[in-house]
Amino acid sequence: MYGTIPIAASFSKSGMTLDGTRRDDWLAAFMMSSILLNPQLIIYSAALGTSALAVRMVSCFLCGIFAGGLIRIFYCNRTFFHFDSFEEPVNRDTDSNLLFRFLKNLGRNVKATGLYFLAGIVLSALFQRYVPADVMTGLFGGNEAFGVLMAAAVGVPLYACGGGTIPLLQAWLMDGMSLGSAAAFMITGPAAKITNLGAVKIVLGMKRFVLYLLFVMVFSLVTGMTVNLVL
């Protein structure tokens, strides 16, 4: 997320313009999709099965489209993002040797996400060992809107790291979690992750930040119920 915003800030200055006018609808589509998904998370999500992976990719793509569409409708002549106070991070990819640069980046990724991924595996094991399956089925199972709502709400505090949630989702899906509930969790989790919210609030301001949260919750609920209805 903290890599996405400097890129978006750069786009806003020179890239995403039409007839000299900055296109915040394009920026919204780019940022929303980037928040929800990244190449590493696509690889991790393959462990959930082809259906869950397809749902995740399609829902993230559509979320970006809807975000951009709403900005185009309601903020067509107004600025939605403010990048003035967000400074670009220092570039750490300076090693001239590409192999060493890759290994350094790999090490930083493992250092940043490894602990959370391990925590996800531990939580998954605890859920499978000590939480009865019928409890999870009652909470997340079926095609009820309540299960989708609960998954959307649980996604906010439990989503510390994208990779770390994969073992949790595996355990929940095996214990009866509906695919729609999983879809809602996979949207609200990264979109409302505490660190991501801090970055988003910097470029939105309080009023538009509240609109962002409402959009995330509504879209996750609609997506979850639609997935349950179709699949």
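Modeller: Helix H11 gives the most to the lining of the second largest pocket, with five residues. Helices here are DSSP runs of H or I, at least four residues, numbered from the N terminus. Mind that this is a predicted model, where local features need pLDDT of at least 70, side-chain atom pairs count only at pLDDT 80 or more, and totals for chains, interfaces and linings use all residues. Residues are numbered from 1 along each chain, and side-chain values use heavy atoms, without hydrogens and water.

Colleague: Which residues lie nearest the centre of that pocket?

Modeller: Ile71, Phe80, Leu211, Tyr212 and Phe215, out of 19 lining residues. Helices H2, H4 and H10 also give two or more residues each.

Colleague: Is Cys60 buried or exposed?

Modeller: Buried, at 3% relative accessible area. Cys63 is buried too, at 1%. Buried means under 20%, exposed over 50%, partly exposed in between, with a 1.4 Å probe and protein chains only.

Colleague: And how many residues of H8 are buried?

Modeller: Ten of the 13, so H8 is largely enclosed by the rest of the structure. Among them are Ile166, Leu168 and Trp172. Just after H8, Gly176 takes a positive phi of about 115°.

Note on methods
1 Å grid on protein atoms, 1.4 Å probe; cavity = no way out; pocket = protein on both sides within 12 Å on 5 of 7 lines; lining within 4 Å.
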